[in-house]
Amino acid sequence: MRLLLALLFWFSAFDVIAAPAAYDPSHAAWGRLLSAHVDWNAVGTTTTVDYAGFARDSVALRGYLQSLTTVTEAQFRQWPQAEREAFLINAYNAATVQLILTRYPKLRSIKELGGLLSSPWKQAYVPLLGKTRSLDDIEHGLLRSDPGYADPRIHFAVNCASVGCPALRPEAYVGPRLRQQLEDQTRRFLRDRSRNRLDAGTLRVSKIFDWYGRDFAAQGGVSAFLARYPDALGLDAGVSGRLRRGQLPIAYLDYDWSLNRRQP
């Protein structure tokens, strides 16, 4: 019920913007918000989010989200693959921030926005491509299900507003630079020793690699994918060789669902 009331408030808030801006493939409006309210940590592996700042800029955030609703599915299907992918990642991340704002600051985790019978990711509240969609619809129904994308690095770009999640990047994703951005996101995430580290002969990595293991099959599996990044993981030649041959034990760390908020 709380989530329903919050989402009704969100929809009513959309009404204050009389005419949505046209879609901008540079996602400049979202990029300005991210630059203002998201910060890297000292070593550039994770970010914290100033949700209070996003709340102050809520009209701009709603305006950006509403601009995405001007895109029809027919138009979307005509774009280059990278632009479609960037559109969906940005839509997911912006809609997640907006969802957090429906209860912030009285919120410790995005999981508190779920109910007994549903999770926050299954609530259909995002108007996009002619339908009202859930976050799961965007990530799993549009991004992961499209064989044209088939890039597991998207898991380091979509952000679930949690400490355990890969960083919310403080810039928008854009088609012309998407592959470089995804590669940079991947390397930053793997460099984070709180989420990926060698420990007593076992490579302990994020639970993401367990949940979405099949998405790495085209890369030869999780071990083969991780073996591409020995420098980011801090592995020497001998250990990286064992990883590449599938001889290095892999374990999955617990996921931290606490809110990725900037501390006051």
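Which residues is asparagine 260 in contact with, leaving aside its neighbours within four places in sequence? The first legend takes this up, after a short note on the model.

This is a predicted model, in which local features need pLDDT of at least 70, side-chain atom pairs count only at pLDDT 80 or more, and totals for chains, interfaces and linings use all residues. Residues are numbered from 1 along each chain as its sequence is written, and side-chain values use heavy atoms, with hydrogens and water left out.

**View 1. Asparagine 260 and its contacts.** Asparagine 260 sits in the segment after strand 7 (250-252); helices (DSSP H or I, at least four residues) and strands (E, at least two) are runs numbered from the N terminus. Its relative accessible area is 5%, so asparagine 260 is buried (buried means under 20% relative accessible area, exposed over 50%, and partly exposed in between, with a 1.4 Å probe and protein chains only). Outside the four places on either side in sequence, asparagine 260 is in contact with Thr47, Thr48, Val49, Tyr51, Asn159, Ala161, Ser162 and Val163, where contact means heavy atoms within 4.5 Å.

**View 2. Helix 4 against helix 6.** The axes of helix 4 (residues 58-68) and helix 6 (residues 81-101) come within 10 Å and cross at roughly 140°. Axes here are lines fitted to C-alpha atoms, for helices over the stretch in contact, and angles run from 0 to 180 degrees between N-to-C directions. The crossing of helix 4 and helix 6 is left-handed, meaning that the near helix is turned anticlockwise from the far one by less than a right angle, whereas clockwise would be right-handed. Helix 4 brings Leu61, Arg62, Tyr64, Leu65 and Leu68 to the contact, and helix 6 brings Phe87, Asn90, Ala91, Ala94, Ala95, Val97, Gln98 and Leu101. Sorted by class, the contact of helix 4 with helix 6 has 10 nonpolar, two polar and one charged residues. In this sorting, Ala, Val, Leu, Ile, Met, Phe, Trp, Tyr, Cys and Pro count as nonpolar, Asp, Glu, Lys and Arg as charged, and the others, Gly among them, as polar.

**View 3. Helix 6 beside helix 7.** With axes 9 Å apart, helix 6 and helix 7 pack at an angle of about 165°, and they are therefore roughly antiparallel to each other. Their crossing is left-handed. Glu85, Leu88, Ile89, Tyr92, Ala95, Thr96 and Leu99 of helix 6 meet Leu135, Ile138, Glu139, Leu142 and Leu143 of helix 7. This contact of helix 6 with helix 7 divides into nine nonpolar, one polar and two charged residues. Buried in helix 7 are Leu135, Asp136, Ile138, Glu139, Leu142 and Leu143, and the buried residues of helix 7 pack against helix 5 (73-78), helix 6, strand 3 and strand 4.

**View 4. Helix 6 with helix 8.** Helix 6 and helix 8 have axes 10 Å apart and pack at an angle of about 50°, which makes helix 6 oblique to helix 8. From helix 6, Gln81, Ala82, Glu85, Ala86 and Ile89 meet Leu178, Arg179 and Leu182 in helix 8. Five nonpolar, one polar and two charged residues make up the contact of helix 6 with helix 8.

**View 5. Aspartate 151 and two arginines.** Aspartate 151 lies in the loop between helix 7 (135-144) and helix 8 (178-190), and it counts as buried because its relative accessibility is 11%. Its side chain makes polar contacts with the side chains of arginine 153 (2.9 Å) and arginine 179 (3.1 Å). A polar contact is a pair of N or O atoms within 3.5 Å; within protein, one must be able to donate a hydrogen and the other to accept it, and residues adjacent in sequence count only if both atoms are side-chain atoms. Not counting residues up to four places away in sequence, aspartate 151 touches Glu85, Arg179 and Leu182.

View 6. Alanine 200 has a positive phi of about 55° although it is not a glycine.

How values were computed: Angles under 35 degrees count as roughly parallel, over 145 as roughly antiparallel, 65 to 115 as roughly perpendicular and the rest as oblique.
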